[in-house]
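Open the model in a viewer with residue selection and distance tools ready. The stops below go from strands to core to aromatic rings.

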Amino acid sequence: QAARNQPGGRLTTRAKAPQSHHPAPPLFSSPPHPTPPQSAPERLLACSDPQLSVSPPAPLPPTPFHAVSNPPHPTPHPQIGEWSLDKRHYGSDHPPRNLQLPPSGANAAAFWLTRAWNEASGGIPTWSASHSMGTIGWRRNKPTLAEMAVSPLAQRVAGSRWAWGGVDGFEFRYGGELVTPWGAGVWGIVAPADRAAWGAAKAEGKAAGAQDGPQGDWRVVQVAACTDCLFADFANANHNVRFNWAASPPAFDSVRVGDLEHVRGAWLSGGGAAGSSKLF
């Protein structure tokens, strides 16, 4: 209490206001709305307590990475050379065993990758026979004049007309132009495989088609290591074609790359006088 002398000698007292133990409310308080909930990342970011700091994530297990590469090799062609190992060749099938190695002078990476493929396929007992080509035969360009000059087969076929599976109108025109009842296409010379690749394809075809006789499935050889063959590509499909000039009339056997579909063709007219069709 506080005392004070008043005029006239009177003593008065006044009670002192009790002090509050709580702070006075702010003049401008926030509206009484609840704080929106924070997400887990927001709570972690807003946390300042060192004991609640975020630990670094645990290391991930080894992860395979996808790499796209065309092994470099010397070739005068701007795109696919006579030797090619490319994943895009095998969109519907797997590569055969015993892929032919790149030509001399190719980058060491091309040799390493091809040998790795061969080691992998050779070490898998269940690796089935492939219906596709190996590293040879993927260059499907129209024949040049120089290529025509050294290919008796191409000289004989150029300008000829055939029936494809009994359907007339299949023409090997000069310059590599192919005319078919199913649209235009391209024809040319299939690059020959070496003896090792041919022997591997023959063994694979024999194992895959034992029911076809002692020679096995000849279609596997014609696709994987065709020698003295032409290609006839049309309707978004590749076909390797072998000719039999001893037949009357001359005939050809076409095998589609990827599924080994076989079609027989018969000569109708045209073509040159030279030519042969034989294996090694």
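**Barrel, core and rings**

Start with strand E9 (residues 251-256) and strand E10, which pair in the antiparallel sense over 5 bridges. The model is predicted, so to speak of local features pLDDT must be at least 70 and side-chain atom pairs count only at pLDDT 80 or more, whereas totals for chains, interfaces and linings use all residues. Residues are numbered from 1 along each chain as its sequence is written, and side-chain values use heavy atoms, with hydrogens and water left out. Strands (E, at least two residues) and helices (H or I, at least four) are DSSP runs, numbered from the N terminus; two strands pair if DSSP finds at least two bridges between them.

Select Val255 next: its bridge partner in E10 is His262. The hairpin of E9 and E10 has 5 residues between the strands, and Gly258 there takes a positive phi near 115°.

Now follow E10 (residues 262-270) to its other partner, strand E3 (residues 160-164); this pairing is antiparallel too, over 5 bridges. Ser160 is the residue opposite Gly270. Show the strands E3-E4-E5-E6-E7-E8-E9-E10 together: these 8 strands run as a closed barrel with antiparallel pairing. From one strand to the next the twist averages 30° (axes are lines fitted to C-alpha atoms, for helices over the stretch in contact, and angles run from 0 to 180 degrees between N-to-C directions).

Phe231 has Asn240 in E8 as its bridge partner.

Stay with E9 and pick Arg256, which has its place in that strand. Leaving aside neighbours within four places in sequence, Arg256 is in contact (heavy atoms within 4.5 Å) with Val223, Ala237, Asn238, His239 and Glu261.

Which residues have the most contacts inside the largest nonpolar core? They are Phe170, Phe172, Trp187, Phe243 and Phe252, in a core of 19 residues. Such a core is a set of buried Ala, Val, Leu, Ile, Met, Phe, Trp, Tyr and Cys residues joined through side-chain atoms within 4.5 Å. Helix H4 (152-157), E3, strand E4 (167-172), E7 and E8 each supply at least two of its residues, and H4 gives the most, with 3. A second, separate core has 16 residues, among them Ile136, Ala191, Val220 and Val255.

Centre on Phe170. Apart from neighbours within four places in sequence, its contacts include Trp162, Trp164, Leu178, Trp182, Phe234 and Phe252.

Last, colour the aromatic rings. Rings of Phe, Tyr and Trp (its six-membered ring) pair if their centres lie within 6.5 Å; planes under 30 degrees apart count as stacked, over 60 as edge-to-face and the rest as tilted. By this rule there are 15 aromatic pairs. Phe243 and Trp245 form a stacked one, at 5.4 Å centre to centre and 5° between the planes. Phe243 is buried, with a relative accessible area of 4%, and Trp245 counts as buried at 17%.

Ring pairs link these two into a cluster that also includes Phe172 and Trp187. Finish on Arg156, which lies over the face of Trp245 at 3.9 Å from the ring centre (NZ of Lys or CZ of Arg within 6 Å of the ring centre and within 35 degrees of the ring normal).

Definitions and conventions
Buried < 20%, exposed > 50% of the residue type's maximum accessible area, 1.4 Å probe, protein only.
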